[in-house]
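Good morning, colleagues. Today I shall present one structure, moving from its overall dimensions to particular side-chain interactions.

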Amino acid sequence: MASTARRDAPEPPDFGILKRLARDQLIYLLEQLPGRKDLFIEPDLMSPLDRIANVSVLKQHEVDKLYRVENRPAPSTSDQLCFLVRPRVRTMRYIADIVNADKMSGRSRKYKIIFSPQKFYACEMVLEEEGVFGDVTCDEWSFYLLPLDEDIISMELPEFFRDYFLEGDHRWINSVARALQLLNSLYGPFSRVYGIGRCAKMSYELWRDLEEESENDGQGRKPEIGNIFLMDRDMDYVTALCSQVVYEGLVDDTFRIKCGSVDFGPEVTSSDKSIKVLLNAQDKIFSQIRNEHFSSVFGFLSQKSRNLQAQYDRRQGMDIKQMKNFVSQELKGLKQEHRLLSLHIGACESIMKKKTKQDFQEMIKVEHALLEGFDIRESTSFIEEHIDRQVSPIESLRLMCLLSITENGLIPKDYRSLKTQYLQSYGPEHLLTFHNLKRIGLLTEQAAGETLTAVESRVSKLVTDRAAGKITDAFNSLAKKSNFRAISKKLSLIPRVDGEYNLKMPPDMAYVFSGAYTPLSCKIVEQVLERRGWQGLEEVVRLLNGNEFAMADGAPEDGAGGDAQRVVVAVFLGGCTFSEIAALRFLGKERGCRFIFLTTAITSSARMMEAMAEAKA
Amino acid sequence: MSRARADEEEYWHSSKFRAFTFDDEDDELSQLKESKRAVNSLRDIVDDDDDDLEKVSWSGEPVGSISWSIKETASSSSSSLEGRDTSLQKGSSSYAALPKQVSSYSLSSLFKGRNRLPSLPSLSDAFSDTGVKNYAPELRRPRAEYKDYSNDWSPRDTVRRMQRGKVCSLERFRSLQDKMVLLDEAVAGHDGNVITAVLIFLKRTLRREVLFRELEVRQVALCHLIHFLKETGEQKLLLDLLRFLDRTEEVALSQYREHLNIQDVEKKREFLKGCIGLPFSAEDISHIQDHYTLLERQIIIETNDRHLAMAGQSEIFRKYPRKASILNMPLVTTLFYSCFYHYTEAEGTFSSPTNLKKTFKIPDKQYVLTALAARAKLRAWEDVDALLTTKNWLGYTKKKAPIGFHRVVEILQRNNAPVQVLQEYVRLVEDVETRLNLATKYKCHDVVIDTYRDLKDRIQLMAYKCKVERGSAEEEKINSLLSNMQIRWKN
């Protein structure tokens with residue numbers, strides 16, 4: 001690792017082809033319904049669609065008007081209706097209602113449903129039940145992969161998290177397998193495959209199945225990606241629950257990045273309008289600060305604005321010719337930079353204001369205490385007070401989950417009291433949220449008696465009754481050692497640093513959490529890549545509940561295989577956070593390899609918590 | 001301008017990296033403000049022609065916004081209802097005027113201003129790009145939906161074919177054993193879509209008790225059926241299944257969940273009343289009971305207060321008109337409301353804070369916090385005082401706050417309490433450092449001075465002198481302290 005000469009990480013492959021494929025297939029599908037038609041689009045699909053096609057492409061293929069699929073009758077007057085939807089029962093009923101209403105009024109039209117990324121049998125069943133099967137034609141738009149950036153590919157399936165981890169539904173595994181197949185056929189063959197988690201294993205097996213069946217014509221092609229690592233989100237909830245402090249993570253937590261772009265409101269733009277901004281490697285300012293700890297961002301922005309000023313200042317003392325040159329060649333770039341700079345400064349300012357208001361400093365302190373496992377009582381009362389003050393319900397829930405996971409469940413007394421207060425502060429219907437959190441394992445109660453091991457209870461019997469109470473308490477706290485603690489110790493997730501942690505020149509991935517904690521998910525990736533497998537990690541694997549695998553299909557030995565062997569696709573099943581992305585980008589730079597992120601969706605603590613709430617039908 | 005620049009130069013050169021905290025609002029924000037000022041000062045040079053600025057496409061790629069266009073349809077659809085003809089015409093003319101349309105629909109139109117025509121790869125371009133085609137030829141061909149009623153497929157092959165999206169008849173799986181082999185194959189194939197498809201078939205062809213019994217030992221399939229029933233809204237069957245499995249708590253929760261869909265409060269109240277008898281866990285029963293009681297109370301309070309507000313007799317409702325109804329709000333919000341509008345009411349009335357506190361066993365801490373916020377909002381400082389004052393058995397009064405005085409200060413400060421009021425509570429903050437911070441932040445000079453005196457910190461006290469007004473009582477106080485020979489300063 002560090003001893004070998006540091007190599008530059010290879011450039012990421014060009015993922016633009018994925019967009020072209022998706023666009024071409026959509027066009028093909030639209031042409032299957034010749035003539036003018038109105039297009040109904042599922043709200044969840046609008047942003048992804050925006051990233052690969054635009055309205056004029058749709059217009060060119062005879063799309064007349066665009067509507068949003070929603071719970072209202074559609075005013076469309078076209079004779080052909082096309083629906084671009086996710087495969088959901090609710091949406092099928094909406095479409096069936098339209099078709100049935102037409103039938104009642106004796107109107108005949110053509111209907112086409114395009115499912116993305118695939119069709120479900122349950123949807124067809126609903127169409128059949130509603131009596132419209134046969135009246136509509138169905139197609140699949142295999143839009144599995146949306147490149148959000150040069151190194152991030154998203155499946156844009158936020159519901160994956162709830163469907164799989166809460167409901168135990170395997171419906172998206174086929175989609176994941178197909179996505180892997182597509183990626184493998186375009187940029188592979190991948191020679192090494194690693195993974196951990198039940199879903200990772202199933203996805204891998206189904207993908208293998210698909211590969212065996214298809215004629216593998218990829219032989220002899222030079223791969224661009226050599227390694228792939230699949231991981232289930234439930235291997236590491238802790239990282240996803242921590243407050244993010246790298247710039248991109250903070251922007252996401254504060255403004256919500258949606259499909260790679262963000263809406264900066266008036267408080268950021270210092271004008272009366274909002275601006276939609278694409279955040280990616282093309283943004284010259286953003287690309288330099290996105291992975292930085294927030295504290296380093298100010299300095300950078302100051303430096304930048306100083307430089308910018310200097311460049312403008314050069315105008316003074318220019319003669320006409322130089323001036324002409326300046327205007328025609330540099331001014332444009334400077335203006336663009338100026339604009340970006342003022343936006344990001346505005347964003348920083350807005351983040352600072354919000355964070356100071358919500359006691360961010362204190363909250364981070366509590367999080368760090370939870371991660372390290374001290375001052376549990378103080379942290380619990382901090383959370384309690386947070387709930388009592390009716391500050392953000394999502395934040396309160398997040399902190400409770402973090403407490404639960406790091407402590408292997410709350411002690412029953414705390415669980416009851418926090419739950420009661422939560423319901424009082426934010427509404428009794430959250431009873432359902434608590435039930436969901438318990439089922440998924442994010443917020444649990446230690447079963448009575450579970451805390452005492454056999455030996456400990458035997459010991460406590462030996463002491464007199466009077467002292468017994470005290471001793472038992474002491475043992476209680478001992479027995480609470482959770483898997484997270486054990487894993488954290490085994491992998492040294494809490495860095496030991498003498499003196500101050502250098503956030504500007506960070507020594508390791510822990511910088512993404514101010515040097516207090518190395519993200520578990522990323523640490524696992526690092527360890528497995530370093531060892532080329534799971535050897536030596538048996539104890540960690542056991543604590544994580546197993547389901548690990550590693551395959552090397554004719555992988556070239558060290559040195560051979562070229563750049564592809566230094567490109568790794570990190571697949572996050574159930575979502576990945578910007579902090580994890582930043583940490584692995586850092587690791588990649590250190591090790592001279594390139595990480596490509598493939599995630600079912602970008603996630604954050606807030607999105608995870610929101611996915612646990614019960615909504616109206 | 002040049003002077004301003006010189007100032008800035010000086011700032012940039014003098015600023016150096018310091019330890020970062022989010023608390024350190026002044027410093028970090030001012031650093032940001034400086035950057036902002038620097039950038040803004042350039043605006044005069046930059047913003048000479050706005051249009052030109054917009055031309056710079058910084059999105060990186062020309063994308064057209066579909067979401068934007070849908071908003072357009074939504075707003076124009078009302079007009080198209082009146083005049084169907086016009087909208088049709090509009091549609092047909094849009095082809096002739098395509099280029100114009102393009103620019104107005106592009107993403108950069110969201111960013112306002114002009115945009116160069118996005119270079120759209122036409123369909124023919126895309127098709128001539130054979131390289132793409134070869135890599136993934138399957139994508140261009142939608143999977144043929146050919147039907148195959150052949151009876152020869154083994155359960156395994158059937159599952160495989162279904163995984164590939166092919167239609168397969170399941171009718172030939174008639175014996176229970178065949179059905180279960182099929183189900184187990186589907187589960188082993190890891191594709192939830194196929195598992196559900198098989199379950200739909202089994203649900204149709206098996207008596208429910210038989211199906212339930214078989215699923216009891218097949219957890220993965222069971223999860224799929226439960227999720228399917230939730231999604232399709234087959235509540236009755238779902239409850240039967242859960243009952244069969246003896247998952248009584250889930251039966252209760254699943255029924256309770258239905259209240260979310262009831263709009264009418266009276267109906268909701270009735271429904272919740274019915275929920276009380278459901279087999280919840282011992283702990284949850286009290287929550288359900290509370291939910292019912294709370295809504296019942298809210299309905300009474302709401303009816304009364306709406307009446308009061310309409311009659312215009314009550315001063316408090318006239319002065320602070322209600323912004324929203326209290327129905328379906330959390331308990332703490334209801335308590336806040338009651339502390340705001342009904343603070344002085346006797347315990348006997350349903351809307352009085354003390355009644356709420358008793359009925360719902362609201363902890364002291366929560367009560368004080370909420371009452372404090374409500375009374376501070378009304379700037380009723382005597383109430384705040386009374387709330388935090390306790391009497392011991394000798395009749396001495398003492399200030400006590402179950403939530404910590406720094407929180408009290410924070411709440412008061414947020415409601416713009418005058419310095420005299422604030423000062424009293426800042427003084428009571430136990431931690432010296434926090435007290436000094438708060439006192440300095442909110443300009444409670446007396447507290448700062450007294451604290452430094454108690455700390456015998458002469459240097460800090462002297463330094464503080466420049467923070468108070470010249471010739472003020474505070475300055476005098478500092479001076480007299482500094483010249484007091486009896487204090488043994490530590491520095």
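This is a predicted model: local features need pLDDT of at least 70, side-chain atom pairs count only at pLDDT 80 or more; totals for chains, interfaces and linings use all residues.

Residues are numbered from 1 along each chain as its sequence is written, chains are lettered from A and ligands numbered from 1 in the order in which they are written, and side-chain values use heavy atoms, with hydrogens and water left out.

Let me start with chain A as a whole. Chain A has 26 helices and 14 strands; these are DSSP runs, H or I of at least four residues for helices and E of at least two for strands, numbered from the N terminus. The C-alpha trace of chain A spans about 90 × 80 × 55 Å along its principal axes. The radius of gyration of chain A is 27 Å, which agrees with the value near 25 Å that a compact globule of 617 residues would have. That radius is taken over C-alpha atoms, and the globule rule is 2.2 Å times the number of residues to the power 0.38.

Of the 617 residues of chain A, 63% count as buried. Buried means under 20% relative accessible area, exposed means over 50%, and partly exposed lies in between, with a 1.4 Å probe and protein chains only. The accessible surface of chain A comes to about 23600 Å², and 49% of this belongs to carbon and sulfur atoms. Accessible areas come from the Shrake-Rupley method with a 1.4 Å probe; for residues, only the protein chains shown count as cover. As for contacts, meaning heavy atoms within 4.5 Å, those in chain A between residues at least 6 apart in sequence join residues at least 24 apart in 78% of cases.

I turn now to the salt bridges. A search of the whole structure finds 75 of them over all chains, each being a side-chain nitrogen of Lys or Arg within 4 Å of a carboxyl oxygen of Asp or Glu. In one of them, A:Arg256 pairs with A:Glu610, with the closest N and O atoms 2.9 Å apart. This pair links distant parts of the chain, 354 residues apart: A:Arg256 is in the loop between α10 (247-255) and β10 (261-264) of chain A, and A:Glu610 is in helix α26 (residues 605-610) of chain A. A:Arg256 is partly exposed at 32% relative accessible area, and A:Glu610 is partly exposed at 38%.

Which residues form a bridge with an N to O distance of 2.3 Å? They are B:Arg407 and A:Glu385. B:Arg407 lies in helix α24 (residues 405-414) of chain B and A:Glu385 in helix α16 (residues 376-388) of chain A, so the pair joins two chains. Both B:Arg407 and A:Glu385 are buried.

Within chain B, the side chains of B:Asp450 and B:Arg453 meet in a salt bridge at 3.7 Å, N to O. Because B:Asp450 and B:Arg453 are 3 residues apart in helix α27 (residues 445-455) of chain B, about one helical turn separates them. B:Asp450 is buried at 11% relative accessibility, whereas B:Arg453 is partly exposed at 30%. There is also a network of salt bridges linking A:Arg162, A:Glu167, A:Arg439, A:Glu614, B:Lys230 and B:Arg257.

Next, the aromatic pairs. Rings of Phe, Tyr and Trp (its six-membered ring) pair if their centres lie within 6.5 Å; planes under 30 degrees apart count as stacked, over 60 as edge-to-face and the rest as tilted. B:Phe317 and B:Tyr341 form a stacked pair, 4.6 Å centre to centre with 10° between the planes. B:Phe317 lies in helix α19 (residues 315-319) of chain B and B:Tyr341 in helix α20 (residues 331-341) of chain B, so the pair ties together parts that are 24 residues apart in sequence. B:Phe317 is buried at 6% relative accessible area, and B:Tyr341 is buried at 14%. Ring pairs link B:Phe317, B:Tyr320, B:Phe336, B:Tyr337, B:Phe340 and B:Tyr341 into a cluster.

I close with a single residue. A:Phe300 lies in helix α13 (residues 294-313) of chain A and is partly exposed, with a relative accessible area of 22%. Leaving aside neighbours within four places in sequence, A:Phe300 is in contact with A:Ile285, A:Gln288 and A:Ile289.
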